[in-house]
Amino acid sequence: IFFRSVEFLNMKGRTGTNGVAEESPAKKRKVFPALHEKTHAIACCSALRDVKYEIRGPLAQRAEEIENSGQKVLKCNIGNPGAFGFTAPKEITDAIYAHIDQAVPYCHQKGLLEARKAVVEYVDKYITEENGGKFPQFPKVTPNDIYLGNGVSELIMMCMRGLLNPGDEVLIPSPDYPLWTAAVTMHGGRPLYYPCKPENGFVPTIMDIRALVTSRTRAIVVINPNNPAGVIYPKELLQDIVAMAEEYPFGGMVIFADEIYDQITFDGNKMTHMASLCHNTLCCSFGGLSKVYRACGFRVGWLVMSGNRSRAVSYENALNLLSGLRLCANVPGQYAVIPALQDKSIKDLVAPGGRLYEARKVILNSVAKSKYMSIHEPQGAMYAFVEVNLPDFDDQVFALDLVEKKHILIAPGSSFNVPYKNHFRITLLPPPDKLREAFQAIDEVLEEYAQTLEQRKEEALKIVQAMRAGEDKERIEKLRSKAKF
């Protein structure tokens, strides 16, 4: 009706004082002329202006262009087990096939009851084990405290959407998994980073964390085992974080525990789940099928609300609303939760002789042989966070150089919200022989890089800047040609 009215004003004449039809003033001035200009740009949401996710950013786009030209790229930038030949346990896929007809309708907005019960049983088990075989004196988790989502990513977004008002602060580890920063930023919050310094083995101190707490603090994020650094936080540190959150005087501090890699640990290292420690504040723990069970594409994650839920009624109502608005999570994948939580095949992969263990061993040996690299041995997760010991090293420039020259895609360390640019993240997922070849190629580039660092840096930096600025492909190709990429 609105646009028909505009058209009517633009086209219809009207009678003047002399009785002769006159052209409409609206037609003379062209109502809403911008609607008719082909060059008018459509602006994006301002909330996305400072949101970045460089794991799938310009470098990944360049790798795709190289692949489209018919060349292979070893994509070590992302933790995607299925892309490297890992398969989900057969019981998981069988469960989906067996229930496909029952998965046609929507399910409950929180997820299938049977799947939520399976998550409760899993949580009860690790809380009991981590408290000396006896369940502690705080309320048990129930199926009503579980939310199933389209991967942990959706649940993180929901949690931030339901919690944050403009200017609210969330404490996030540095390095972090960048989705956490993105979720806080795009929902109006302010990420404050507690340092997990390389010189301290990427373990933060409670003093550094406490120094960031203000009256606007709403939550703290704990990624354990950590992505990208692979560190497993000591139980004593986790207890200190819980104590800080529970004594917070400004209305409650939520603990968000990203534990998607909880069973991927090496050399006897064990992690402690936050839910086993938290009593007097709300703890939101995240797990899923993607990593431990090698089923990223099924997009199934879960959120467990534990600790003191009595202070979080309003927040739970918000999450119920958001769950209802998306109707439900992927139903076929939810039938995989029960057999997944009974599967222990990850233990073989992380034990000596297992593929993840041997891949990690190759990385550690390769780094040890290099005069340019060093590493803090990853205790868990499926990544290595490698330090490069070269002056004026720029991880973004190096990553572009590597994908152009050796067709190996890595994630620059600065993508993980750290204040330094001398690290890169590489996944443990490629076969060990492929990783050995990759690190030989990396060392070759670093050798050349050490010799011609300044010149190559300037050339590659121009290309990176042109790509980020969205300049046309012709100009970018000219820059590549000049740089002899």
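Which residues is S276 in contact with, leaving aside its neighbours within four places in sequence? I start the notebook there, after a note on the model.

**Model.** I am working from a predicted model, in which local features need pLDDT of at least 70, side-chain atom pairs count only at pLDDT 80 or more, and totals for chains, interfaces and linings use all residues. Residues are numbered from 1 along each chain as its sequence is written, and side-chain values use heavy atoms, with hydrogens and water left out.

**S276.** I looked up S276 and found I127, E130, N131 and F138 in contact with S276, its neighbours within four places in sequence left aside. Contact here means heavy atoms within 4.5 Å. S276 lies in the loop between strand 8 (254-258) and strand 9 (282-288). Helices (H or I, at least four residues) and strands (E, at least two) are DSSP runs, numbered from the N terminus. S276 counts as buried because its relative accessibility is 2%. The cut-offs are under 20% relative accessible area for buried, over 50% for exposed, and partly exposed in between (1.4 Å probe, protein chains only).

**Q396.** I then turned to Q396, which sits in helix 15 (residues 395-405). Q396 is also a buried residue, with a relative accessible area of 7%. Its side chain makes a polar contact with the side chain of R468 at 3.4 Å. A polar contact is a pair of N or O atoms within 3.5 Å; within protein, one must be able to donate a hydrogen and the other to accept it, and residues adjacent in sequence count only if both atoms are side-chain atoms. With neighbours within four places in sequence left aside, the contacts of Q396 include E54, L59, P412 and V464.

**Helix 6 and helix 10.** I checked how helix 6 (residues 151-163) meets helix 10 (residues 313-325): their axes come within 9 Å and cross at roughly 130°. Axes are lines fitted to C-alpha atoms, for helices over the stretch in contact, and angles run from 0 to 180 degrees between N-to-C directions. Helix 6 is therefore oblique to helix 10. Angles under 35 degrees count as roughly parallel, over 145 as roughly antiparallel, 65 to 115 as roughly perpendicular and the rest as oblique. I noted M158, C159, R161, G162 and L163 on the helix 6 side of the contact, and Y315, A318, L319, L322 and S323 on the helix 10 side.

**Whole protein.** I recorded 17 helices and 15 strands. Of the 485 residues, 54% are buried. The C-alpha atoms fill a box of roughly 100 × 60 × 50 Å, taken along the principal axes.
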